[in-house]
Each structure stands twice: as structure tokens, then as C-alpha cells.
Amino acid sequence: MDSFAIEVGQTLAPEATLFWILAPLAVIAALGMLFVKKAVHSALLLAWVMVTLAIFYIAQDALFLGIVQIIVYTGAVMMLFLFILMLVGVDSSDSLVENIRGQRPLAITAAIGLSGLLVSLIARANLGVEAVGLRGANSEGNVQGIARELFTNYVWAFEVVSALLITAAVGAMVLAHSNPVKSRTAQRDKSIARFRGDSIAAAAGLPGSGVYALHNAVDVPALLPDGSPAPSSISATLEARGDMLSSKPFELEVKKEEED
Amino acid sequence: MTNAEIIATDPGWITLVKGLLIFVVCVLATLMSVWGERRLVARMQQRMGPNRVGPFGLIQALADGVKLALKEDLIPKAADRIVFVIAPIISATTCFMAFAVIPLSGPVNLFGQETVMQMTDIPVGVLYIFAIASIGVYGIVLAGWSSGSTYPLLGGLRSSAQVISYEIAMGLSLVAVFIYAGSMSTAEIVSAQDQWWFCVTLFPSFVIFAISMVGETNRAPFDLAEAEGELVGGFHTEYSSLKFALFFLAEYVNIVAVSALATTLFLGGYRALPGLGFTESWLGGWFTVIWFLAKVVFFFFIFVWLRGTLPRLRYDQFMKFGWKVLIPFSLIWILIVSTLRVLSQQGAPRSVLIGFSFGIVLLVLAGSSLFESSKKRRAQEDELGEVAVPSFPVPAIPGKINKNRTEQLNG
């Protein structure tokens with residue numbers, strides 16, 4: 001079980017190599033996240049930073065934390081984020097015009113102050129201090145250790161947090177939900193309507209566009225068996241925009257000759 | 001010795017050999033499964049399937065792959081070039097990584113070294129596979145977004161919603177397995193099944209897992225992200241040549257990977273069928289690989305069978321099924337399983353356990369009969385409502401007198 005546990009406070013050669021390869025990549029990705037223009041690129045770089053963090057956790061014997069970091073943050077949170085961003089579309093990039101005067105210098109000052117504070121605190125907590133207790137905490141196995149802490153000492157905090165999250169989720173749903181005045185036609189209703197309508201023809205879907213073998217594009221209505229164009233075969237948008245071609249020029253010449 | 005201890009003694013080159021073997025086996029399995037799927041589906045549809053290239057058409061998939069690789073590689077003008085290239089790479093690399101923790105055999109002798117066919121055994125092995133799968137979805141979602149056109153975008157949106165919802169059901173179905181095995185490591189889950197496979201003792205979990213693993217791999221009837229009929233291929237509409245081949249490879253390796261996971265979790269992994277335990281020592285232990293592969297092929301056959309049988313679900317039905325059926329059902333099942341587990345661990349007498357199970361069965365029966373009666377009532381209410389009578393002729397509904405028709409016949 002503790003084949004992964006190494007002497008506490010020691011950094012083995014593989015771990016150091018891993019660190020010196022991944023750490024610069026993580027820092028570059030984090031900086032890139034701030035400076036790229038497209039929101040999706042930003043989100044991707046953030047996902048990469050999360051994955052590298054997870055690898056660091058695993059390398060430092062926090063297996064469970066590392067894997068859960070990937071499942072929860074990369075898999076669920078970032079995926080939801082991407083879901084929203086995708087609705088924005090591929091071409092949009094954020095405008096970099098300043099809306100509030102003097103915001104940039106203020107933000108830079110605050111950022112430098114905060115990072116100075118964080119770095120000094122983390123350095124004081126870590127540099128020159130022996131890390132202790134990892135072996136004891138992982139003695140039964142990493143997962144069992146976390147489970148014991150979570151379900152004995154911290155069970156109250158754990159349950160309060162989960163109640164908070166559920167309240168937030170239900171609250172968001174209540175706020176976003178409104179009772180519709182009349183029921184929205186869903187896929188099911190449309191499907192029923194197609195079969196119960198006046199003509200069974202609609203059940204099979206609309207006819208495809210184009211005159212076969214001569215002009216097969218979406219902007220030409222298909223021809224019905226009697227040779228007249230079928231208006232339902234092309235999109236109403238194209239018709240309104242005036243992008244519709246007549247299907248007359250694409251009719252087979254041969255047919256006329258035969259008639260003569 | 002547990003698997004983790006055996007693997008810890010492996011020299012580095014053995015790990016490399018195992019990694020190479022897994023890679024080669026996965027690529028070969030893809031080629032074979034493409035061929036196998038086409039032949040099987042063809043049989044189900046009264047056709048012959050590919051039978052021209054090589055004996056029985058066996059190297060058809062290889063020929064197709066070579067042809068695919070030689071096609072022109074297009075990148076649409078509106079695409080986001082970097083992400084467009086990265087997406088198939090993410091898909092194709094992550095799908096192989098799940099095999100690192102899956103035990104393919106019992107103790108065997110590989111080049112004079114006593115080992116097991118498993119690259120590594122970590123205490124959170126199954127969660128690791130989950131993590132890798134959730135990264136793999138990025139490939140599909142990003143492919144949909146970066147193509148810069150409508151159908152792929154819709155495919156990408158569908159697939160991200162699909163994965164978020166079905167991963168919950170899948171994760172919940174595994175909780176019962178973890179509770180009974182007392183571990184999340186794949187090797188220990190296999191060794192916990194030495195008496196009874198979990199597909200028997202935890203049958204509801206197995207059913208939920210089997211359903212959500214089809215949703216997880218984007219396969220029919222849950223292949224809404226690529227839905228050829230409505231989305232023209234969905235997320236990979238704009239892809240061609242090698243990039244498309246990578247998606248293709250990823251899809252089939254993923255099928256093999258979830259089949260292998262299901263085998264490990266519910267069908268006893270590399271162990272022989274009950275009563276055939278003596279075969280596990282044949283060929284110096286290598287026969288266990290055959291058992292493992294046989295079970296994986298069984299799951300693969302189910303995948304193909306489903307595709308040949310079921311039409312694609314409507315998107316709203318699919319989401320409703322995930323959120324309103326699978327998730328509540330697995331939550332209730334977890335409650336039952338953990339209560340039973342605690343009862344038996346506390347040394348409760350057998351009569352209490354049986355009484356508890358009996359009570360649950362009664363509750364389920366009462367619930368289902370209530371549900372049925374309310375459904376019947378709703379159906380009656382629906383009948384009273386106005387239904388437009390279609391103008392085209394319809395066949396008589398059995399058990400009902402069709403007034404129009406009787407009038408026609410009489411008059």
C-alpha cells in the first residue's frame with residue numbers, strides 16, 4: 001500500500017525532473033491564460049494548469065487529491081465553463097478597451113500587493129521548515145486516511161458545505177425557472193404533430209434541395225414529379241434573403257426533346 | 001503477494017515492454033473491431049459485410065486506414081487552427097491511458113521476470129480511469145467548437161452536456177462496487193470477486209454502468225454528438241484525413257477501454273468462469289489473458305448488437321432518462337447497499353437482513369403499482385382531450401371500434 005510513500009522532506013531525482021519539466025510549463029500556461037485574447041484559449045490553458053497541479057499532487061503522495069482535482073475541476077467545472085463559452089461562438093474575442101478610467105494601474109498595484117503577500121506567507125510557511133506527518137497520515141493508505149478525517153473530525157463541516165452547495169443549486173434553479181404561460185412545444189410535441197397533421201407527408205421530414213446531378217446545392221428548390229419546383233425543399237431564410245436560384249435552368253433538356 | 005507488490009519489483013524495461021504491448025494490442029483491437037463490427041452489423045441486416053480484402057475481408061480496416069491517411073487534410077477557413085489540430089490529439093492520446101491500470105492477467109512470466117500484465121496499480125485506479133475519460137471528452141468538445149461551423153458546434157454542446165450527466169450516473173453505479181470491494185484499486189476489485197462476480201451480487205449497479213458506458217462512448221443509441229441524420233457527423237463534420245482517423249481510433253479504443261473496465265469491475269476481470277478455475281494456471285498463467293479478452297469481446301458484441309437493434313434516442317428523452325431515471329435509481333440503490341453492508345458488518349442476524357430485503361422489495365412493488373395506476377389514469381385523461389382526427393386513412397386500433405370505419409362498411 002505504501003509503495004508510493006517516500007521519506008518525508010526528501011525529493012527524489014524523478015520527482016525533481018518532473019518538477020523542472022512541468023513547473024515552467026504550468027507557469028507559462030498560467031501567464032498565457034492572462035494574456036491570450038480568446039476566452040476559450042484562456043479556459044484551455046487554465047485546464048492545463050489544473051492538470052499539472054494534479055500531477056504535482058500525485059507526485060507528492062496525495063493520490064486521491066490529484067485524481068479528484070482532475071475529475072472535479074478539469075472534468076466538471078471547466079467543462080461547464082466551456083459549455084457556456086461555446087455558446088459565444090468561435091470568432092468573438094474580448095475587447096481590450098478600458099471602460100472604467102484608472103482601473104488598470106489600480107488593478108496592477110493590487111495584483112503586485114496580493115502576490116507579494118501570498119509569496120511571503122507561503123515562503124515563511126515552507127522554507128526551512130521540515131514537513132512532518134505525511135507518513136503517519138498515509139499509513140493506512142492515502143484514500144483511507146482522507147476518508148477517516150472526512151467522516152470523523154470534519155463530518156460536520158463536510159455536511160454543512162454539501163447542504164450549502166445544494167441550497168445554492170436549488171436556489172439558482174428556482175430563480176432561473178419561471179412557469180411558462182403556455183406549454184412550450186418540445187421535440188415530443190413536434191414529433192406527434194408531424195404524424196397527426198393533415199398530411200402524412202410531413203412525417204418523413206421535408207424534401208431535400210437541389211436538382212439531382214445538375215445543381216445539387218441548398219439554394220435551388222427540388223423539382224416535384226410534375227416538374228414544378230418544391231418550395232418546402234429550401235430554407236425560408238435563403239428565400240427571404242433573396243439567395244434562391246430558380247430551378248428552371250437546371251431542368252433536363254432531354255425531356256423537352258422527347259416531348260417534341 | 002498483491003498486484004501492487006509484484007509491480008513494485010518490476011525493472012524499468014519491463015514497464016516499457018508492457019506499455020508497448022498495450023499500445024500494439026489496442027491498435028490491433030481497433031482494426032479487428034472495425035472489421036468485426038461491420039461484419040456483425042451486416043449479418044444483422046442480412047448482408048455479407050466486407051469480404052474482399054484478405055481472407056474474410058480481415059484487412060479491410062487496414063486498407064481503409066491507409067486510404068484515409070492519404071486523403072487531403074483540410075482545415076476550414078473559419079476554424080481556430082491551433083485548437084482544431086490539438087483536439088484529435090487529445091482524443092487519441094487519452095483513450096490509451098486507461099489501460100495503464102487495468103489488470104489483463106494474473107501472475108505470469110514475462111521474459112524471465114515474474115509479473116502481472118498491468119502497468120501500475122494505484123489505490124484510486126478506477127477514479128484515475130474516470131479522470132482520464134473526462135479529459136478525453138475535451139477532444140470532442142474542442143473539435144466541435146474549433147471547427148467554426150454550426151453542426152460541429154451543436155455536436156460539441158451535446159457531447160459536453162451528455163458527458164456531464166452520464167458521468168454522474170456512472171460514478172454512482174461504482175459506489176456500490178467500492179463499498180463491497182473495500183477498495184478503488186482495479187487489482188483489489190478483481191481479487192474481491194473470487195467467489196461471486198459483482199454483476200451477480202450488485203446486479204442493479206451493473207445495469208446502470210452498462211447503460212451509462214454506452215452513453216459515455218458516444219455509441220448508438222446514445223450517439224447524439226455525431227448523429228449522422230441530424231448533425232451530419234456532429235463534432236467531426238469538418239475533419240478529414242489523419243485527424244479524422246485519430247477520432248476513429250479513439251472511438252474504438254474507448255469502446256475496448258470501457259469494456260475492459262466493465263470486465264474488471266463486474267465480470268471478475270481475468271478470472272475464469274466459476275467452476276473453470278483450473279484453467280487459470282494453463283500456459284503458465286497466460287490463459288487468464290484469454291479469459292479477459294473473451295469477456296471484452298462479449299461486451300463489444302453487446303455494443304454492436306445495440307447499434308444494430310436500436311434507433312437513436314431523441315435528445316430530450318436521453319437527458320430525461322439520465323437525470324430522472326438513472327441518477328435517482330442509483331442513489332436509492334446506494335442507500336440500500338450501504339445499509340445492508342453496515343447491517344452485516346455489525347453482525348446483525350440473518351433474519352434482519354432478509355426482513356430488510358423483503359421490506360425493500362415490498363416498497364418497490366407498492367411504488368411501481370402506484371406508478372402504473374397513475375399512468376393509467378393519465379392515459380384516460382388524455383383520451384378525453386381533443387385529438388385531431390387525421391384526414392388520411394388509418395388502420396383500426398385493436399380492441400377499439402373505429403366509428404368511421406364501421407360507418408363506412410355499413411353505409
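This is a predicted model: local features need pLDDT of at least 70, side-chain atom pairs count only at pLDDT 80 or more; totals for chains, interfaces and linings use all residues.
Residues are numbered from 1 along each chain as its sequence is written, chains are lettered from A and ligands numbered from 1 in the order in which they are written, and side-chain values use heavy atoms, with hydrogens and water left out.

The second largest pocket has a volume of about 1800 Å³. Of the 49 residues that line this pocket, Leu18(A), Leu22(A), Ile55(A), Ile58(A) and Met97(B) are the closest to its centre. The biggest share of the lining comes from α2(A), which gives 9 residues. By class, the lining divides into 37 nonpolar, 8 polar and 4 charged residues. Here Ala, Val, Leu, Ile, Met, Phe, Trp, Tyr, Cys and Pro count as nonpolar, Asp, Glu, Lys and Arg as charged, and the others, Gly among them, as polar.

A word on how such spaces are found: rolling a probe the size of a water molecule over the atoms shows where empty space is left. The search uses a 1 Å grid over the protein atoms alone; a cavity is a set of points where a 1.4 Å probe fits but cannot get out, a pocket is an open set with protein on both sides within 12 Å along at least five of seven lines, and lining residues have an atom within 4 Å of a point. Grid points are joined across faces, edges and corners, and a volume is the space filled by probe spheres set on the points.

## The two chains side by side

Chain A has 10 helices and 0 strands, while chain B has 15 helices and 2 strands. Both kinds of element are DSSP runs numbered from the N terminus, with helices (H or I) of at least four residues and strands (E) of at least two. Of the 260 residues of chain A, 20% count as buried; in chain B, buried residues make up 46% of the 411. Buried means under 20% relative accessible area, exposed over 50%, and partly exposed in between (1.4 Å probe, protein chains only).

Among contacts (heavy atoms within 4.5 Å) between residues at least 6 apart in sequence, 53% join residues at least 24 apart in chain A, and 76% do so in chain B. Chain A exposes about 19000 Å², with 67% supplied by carbon and sulfur atoms.

## Inside chain B: the largest cavity

The whole structure holds 3 cavities of 30 Å³ or more, and the largest has a volume of about 430 Å³. Its lining counts 26 residues, and Ala133(B), Gly136(B), Glu216(B), Thr217(B) and Asn254(B) are the closest to its centre. In chain B, α4 (81-97), α5 (125-146), α6 (150-181) and α11 (241-266) each supply at least two lining residues. The lining is made of 16 nonpolar, 6 polar and 4 charged residues.

Ala133(B) sits in helix α5 of chain B and counts as partly exposed because its relative accessibility is 29%. Beyond its neighbours within four places in sequence, Ala133(B) is in contact with Glu167(B) and Glu216(B). The C-alpha atoms of Ala133(B) and Cys95(B) are separated by 7.3 Å, although the two residues are 38 apart along the chain.

## Cysteines and backbone angles

A disulfide is a covalent bond between the sulfur atoms of two cysteines. With the rule used here (a pair of cysteine sulfur atoms within 2.5 Å), the count over all chains is 0. Cys95(B) is in no disulfide, and the nearest cysteine sulfur, that of Cys26(B), is 7.5 Å away. Cys95(B) is buried, at 3% relative accessible area.

Most residues other than glycine have a negative phi, and most peptide bonds are trans. Gln46(B), not a glycine, has a positive phi of about 60 degrees; this residue lies in the loop between α2 and α3 (60-69) of chain B and is exposed, at 75%. Ser241(B) also has a positive phi, near 55 degrees, but lies in helix α11 and is buried, at 5%.

Note on methods. Accessible areas come from the Shrake-Rupley method with a 1.4 Å probe; for residues, only the protein chains shown count as cover.
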